[in-house]
Amino acid sequence: MPPPRTRGTALRHRLAELRGPDVPAKALDARALAALAANPGCARRAILDGAGVNKTALASALGAPSAFGQSQFALTRGNAFEAKVKADGGAELLRLVHEKLDRSAEPPAGARVPDLTATGPQGRTARTALELREAAAHPGAWTLLDHPMLALDVAGSPAFLEPDAVVVHPDGSWTVVEIKSFPLLDGSADPAKVGAAARQAAVYVLALEEVAARLDPAPRVRHRILLVCPRDFSNLPAASAVDVRKQRAVTARQLARLTRIEDIADALPEGTCFSPELPAEELTAAVESVPATYAPECLSACELAFHCRSRAREAGAVTSLGRAVRAELGGLTTVEDVLAAARGEAGDPGDPAVAALRRAAALRAEALEAACR
């Protein structure tokens, strides 16, 4: 008799069913995880990311294709720049880490660069943890981990993450390194892009802290990461230290609020599947069976944003106007409810949101009346 399946095995089997037969899982990277943490109330994104569904293909199948993502040219340029930064055993990268984050340490004349090759993400994660443990046990030297693999529990399901690099300092502390292709112009970069990089790095910091917590004594994971970008319009690397304590705290709090993926999966109708190969009506029904929490910010972070925006507008949901507006309106969740409250046709007059709407409607009427005189 075969042994009974564990709860984890049953969940993996269920998530594979949601993806569709023989459909490989799409890895959940730090960028997607940061976007998921920014909208923890969206069960739709949580289950699709947890199941490894390719949301780009799904959005196209739903007739609302995604409109963002890096071009092949940008990817090629970014890979070439990263290779330049890490050339010669990471000599330039380590010089920047020393200059920006650890001037009190001995300058890195060389560094240990361990081979992190292993089979599968679990094997690479174990190998990374082993090398980090080895570096922590022998302080006094620099260690560079090139594309290590880290694991982070997300709503009860493991996510495997691959930072550009992790540096172990001579004092045994650990630093996350993010290498981006957008430029540093006169020492500063686009704040929106820096913010996105900081949120992504905060995910890596959280994952590193989980590795550190399993060691005794636990090494210090630095909350200032190194952001490496091209200087001005050249291909020469420049760096900036970025404090990610705020992003780390927000991400940790938001991830803790995520509904467990197995709870969302258990609530789905039997036979639900998100395979893009399904007929359009069946696929739409499957996607709509999971509630979404749309906000305009989703347009720059989620492949399904256009589909969800269309549905939110059809339903007259005030979330399509932005989270700030939604928060101000309290229990009024649709545009129809808001207009009815403003006209005095519905709503509790004692509700501050209703009172404010009626006052605004009265002022508007007075202004229109005055304009017509």
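In the predicted model, the axes of helix H2 (residues 30–38) and helix H8 (residues 191–213) come within 8 Å and cross at roughly 100 degrees. Axes are lines fitted to C-alpha atoms, for helices over the stretch in contact, and angles run from 0 to 180 degrees between N-to-C directions. Helices (H or I, at least four residues) and strands (E, at least two) are DSSP runs, numbered from the N terminus. H2 and H8 are therefore roughly perpendicular to each other, a term covering angles of 65 to 115 degrees. Ala-30, Arg-31, Leu-33 and Ala-34 of H2 meet Arg-199, Gln-200, Val-203 and Tyr-204 of H8, contact being defined as heavy atoms within 4.5 Å. The residues of this contact comprise five nonpolar, one polar and two charged; Ala, Val, Leu, Ile, Met, Phe, Trp, Tyr, Cys and Pro count as nonpolar, Asp, Glu, Lys and Arg as charged, and the others, Gly among them, as polar.

Residues are numbered from 1 along each chain as its sequence is written. Local features require pLDDT of at least 70, side-chain atom pairs count only at pLDDT 80 or more, and totals for chains, interfaces and linings use all residues, while side-chain values use heavy atoms, with hydrogens and water left out.

An open sheet of five strands shows mixed pairing in the order E1-E4-E5-E6-E7, where two strands pair if DSSP finds at least two bridges between them. Strand E1 (143–146) and strand E7 (237–243) stand at the edges with a single partner strand each, so one side of each is left without a neighbour in the sheet. From one strand to the next, the twist averages 25 degrees. E1 and strand E4 (residues 165–168) run antiparallel and are joined by four bridges; Leu-144 stands opposite Val-167 in E4. Helix H5 (residues 72–85) lies across strand E5 (174–179), strand E6 (224–230) and E7, at about 115 degrees to E6.

Helix H14 (residues 335–342) packs against helix H15 (residues 352–372) at an angle of about 65 degrees, with the axes 8 Å apart. That makes H14 roughly perpendicular to H15. Val-338, Ala-341 and Ala-342 in H14 meet Val-354, Leu-357, Arg-358 and Ala-361 in H15, a contact with six nonpolar, no polar and one charged residues. Within H14, Val-338, Ala-340, Ala-341 and Ala-342 are buried, that is, under 20% relative accessible area (1.4 Å probe, protein chains only). The cover over these buried residues includes H15. H14 is followed by Gly-344, whose phi is positive, near 80 degrees.

Terms used
Parallel < 35°, antiparallel > 145°, perpendicular 65-115°, else oblique. Buried < 20%, exposed > 50% of the residue type's maximum accessible area, 1.4 Å probe, protein only.
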